[in-house]
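Here are my notes on this structure, point by point. Please read them with the coordinates open.

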There are 2 protein chains.
Amino acid sequence: MTIDLRLDPRETPLLIDFYHLTMAASFHEHGLNDTACFAMWVRRLPQSRGFLVAAGVERFLETLEEFRFDEEALDYFDSLKLFKPDFLHFLSGLRFTGEVRAMREGTIFFAEEPVLEVRGPLIEAQFLETLALNQVGMGTLIASKAARCYAAARGRRLVDFGLRRSQGADAGLIAARSSYVAGFDGSASVLAGKRYNIPLFGTMAHSFIMVHDAERDAYANFARTFPNLSTLLVDTYDTLRGVENAVAVARELEPQGIHIQAVRLDSGDLLDLSRKTRRILDDRGLHKVSIFASGNLDEHKIDALLRAGAPIDGFGVGSAMVTSNDLPALDAVYKLVEYRGEPRLKVSTDKATLPGSKQVFRGMDASDRFLGDMIGLSEESVHSVAQSFTPSSARVEPLLATQMRDGRRVLPRPSLTDARQTFLESWAKLEERFKGLQRPDVYPVRYSGALKAALIEQRVRVQKRQA
Amino acid sequence: MTIDLRLDPRETPLLIDFYHLTMAASFHEHGLNDTACFAMWVRRLPQSRGFLVAAGVERFLETLEEFRFDEEALDYFDSLKLFKPDFLHFLSGLRFTGEVRAMREGTIFFAEEPVLEVRGPLIEAQFLETLALNQVGMGTLIASKAARCYAAARGRRLVDFGLRRSQGADAGLIAARSSYVAGFDGSASVLAGKRYNIPLFGTMAHSFIMVHDAERDAYANFARTFPNLSTLLVDTYDTLRGVENAVAVARELEPQGIHIQAVRLDSGDLLDLSRKTRRILDDRGLHKVSIFASGNLDEHKIDALLRAGAPIDGFGVGSAMVTSNDLPALDAVYKLVEYRGEPRLKVSTDKATLPGSKQVFRGMDASDRFLGDMIGLSEESVHSVAQSFTPSSARVEPLLATQMRDGRRVLPRPSLTDARQTFLESWAKLEERFKGLQRPDVYPVRYSGALKAALIEQRVRVQKRQA
């Protein structure tokens, strides 16, 4: 029995909750396995958050194609002494044969809007709850946080520095991938670079300085090894003296064709230090040497620094982004919305759901700016919904597309660059007032008339289910 | 190129930052690869947090034994067009040949205390920074949070319900494992159950109720499939009516030898609902049916419910525990403390380090209660340090033990049950005042005289490194 951090391919389908197994056993015993539709959405966002960015969908879909319980998994289930041979046999043949409709990665969306829907035999579809929430939830959580940093950075370079503070190995990969989708320029994570072809960035650690007897020797050694890639860390001892040392080394090596690219500030008052650093660099004619900053940064600190005019050219963002520290979990759910062709809903206090399979319709004006969204039923047409938008010239786009049918992909897999492009294009179309870091305006999301009617009808039906 | 959530065994060594590669290239070029010692510790904790629980050490050690860059990794490095063939050749032969001293999993420890130290050739040892912080950081983060829930639950059953809200697949496994170490009774995660032999618990989802035409049918179906394992979820529609339905089903099935184990409340005012539920159950003679609660719980809510006398017998804890929501990342570092036998330190603003390889000495009184800790140098003996404790009868125990030497394990691998035992024993020895959820007393951690002397001596030496 390994305890390690690697996930065997055969382990992926075991990312389920125990109740999925027990419910499946009961469904199986009682012949309940008709077509069900489950939808995943985020119930609500804190006031500080204005939007979400879809990510993690590709990771989820990739897993579905190979969903099966192998011999070892079945032996484990059997060892629990709870399941009948007939059910275990059923599980051994279980594959995902259903349909998935989902938003494209990089799509900007909002609370209550389904980001994906799974339709298929009840037992298959219910098994995907945890995987969908875990993967699409985390992907979306981080892309949404990273987009806030992107807003704050106003075009400055942004690098994911967070692998060390990520919540595990998978989280580090997700953070690199999601932040790249949401406008980051690259990552320090080597595995993310290799796997996803994300540009790698890095500077040096304090230990690099500390193994040398003198700070200047460390700078010179590094610059000689990488004549065009040196970002020198200046805060191991006294920061401004570190900058002076970097300047001395830069000037000494310049005649040899060795150029320092940047200095990195990693502690202290970044506004004050960046100004003083810029002055020192400029005074010595090192106008091309840029300033890179890091050290417990988040979107608010980046925003404050740039508002105050800090001459910082790039930011490394770690913990805050990779853990989405102000909102470390999304209030996301994966709920049954239809069974045997009939809409279903739950009415628990504060946790009520919207019934039926849905579509999200986005209205755009003549210059492609987002006007607002309408959540409707999936059978509603773009044409019928378009009438509800003002102006009447609004163009309406459905956000959910069929990604899998009969358990197979039907759309070409988008590349990570495609997803990034989707985000950047959406971002340009979303008004600034919805992007604020503190209390952004609430983006208008309405229910269609047909959805409202279904909601009322189902609320009445619920009464009799508890009779 | 896969994007998926599984980690290939060959990918684990790539959980490094880009700067580890560039620094290694420069160290290699300049012949800097003498023995270095790196230590990992948590710099500080917020006032609300009184202690830490070590976890993740076994996952880290397991990875080290197989550390190597394979052909595919080397090809990737080569493709970056930054590294010389000589360096890539060096990397192809790189293995971990050093020593690791670490605390046992389940050990309670405090800020500033090294939880592990790695000693070996500089390049090997620096490559492990990100892996150590990622794995031991996350393991410890969650075990520390889970222990707070354990304190709050006062012996009630605690189950990890968090896989769906974990930050990725690896985080879910870590959360199940770490919370089990820190006193949880089990997890809902099937993979954690299979891998780590953690007891599995589960109830049913709202969807189980919703596919049935009547709530009572759902209860009866589930109870028939699992005559001794039914926890019925009562809040899909109206909670107290759900309880009435559960009671009706329980009484109807009792003559057939089918027993309902518990009802689960998952929303609403849990104090009020649990009291009313208990009353309904008791009124109908169902004294043995217990009440299980869930729904955005954390240590504070559990504490408040039990202080108010809520008759709840067990709790499912998800997001708050698995993401450590009030502290989603530890302020942990992995820093060079010694090179070529000489202590090293960093003096950056707010980020200064303690020089030298260390040991953590814990004083215990006659009844084994923790008296306080002393951080000393690793060469100090228990005997010499013991004199600094009051009373003089104090027993002193070193917390760091050599786990690996020459790249091989030298201590038997503890089982997860051993780690849990270590935690439970430590927990009993830590006074209540250090365990508070709000502003616990600060546990006394001092520096030894030898460490203080080293600190002063090194501060003086730092001056000349920036000359």
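1. Contact means C-beta atoms, placed from the backbone, within 7 Å.

2. Basis. The model is predicted; local features need pLDDT of at least 70, side-chain atom pairs count only at pLDDT 80 or more, and totals for chains, interfaces and linings use all residues. Residues are numbered from 1 along each chain as its sequence is written, and chains are lettered from A in the order in which they are written.

3. Interface. Chain A puts 103 residues in contact with 103 residues of chain B. On the chain A side, helix α1 (residues 18-29) gives the most, with eight residues. Helices (H or I, at least four residues) and strands (E, at least two) are DSSP runs, numbered from the N terminus. By class, that side has 47 nonpolar, 31 polar and 25 charged residues. Nonpolar here covers Ala, Val, Leu, Ile, Met, Phe, Trp, Tyr, Cys and Pro; charged covers Asp, Glu, Lys and Arg; the others, Gly among them, are polar.

4. Helix α2 of chain A. Seven of the eight residues of α2 (residues 57-64) are buried, so the helix is largely enclosed by the rest of the structure. Buried means 20 or more other C-beta atoms within 10 Å, exposed 12 or fewer, partly exposed in between; C-beta atoms are placed from the backbone. The buried residues include A:Phe60 and A:Leu61. Their packing partners in chain A include β5 (116-121) and α6 (129-153).

5. Core. The largest nonpolar core has 303 residues, and A:Leu116 and B:Leu116 are among those with the most contacts inside it. Such a core joins buried Ala, Val, Leu, Ile, Met, Phe, Trp, Tyr and Cys residues through C-beta atoms within 7 Å. Leaving aside neighbours within four places in sequence, B:Leu116 has contacts including B:Met40, B:Val57 and B:Val136.

6. Loop. B:Asn197 lies between α8 (190-196) and α9 (206-210) of chain B. B:Asn197 is partly exposed, with 14 other C-beta atoms within 10 Å.

Key: Contact = placed C-beta atoms within 7 Å.
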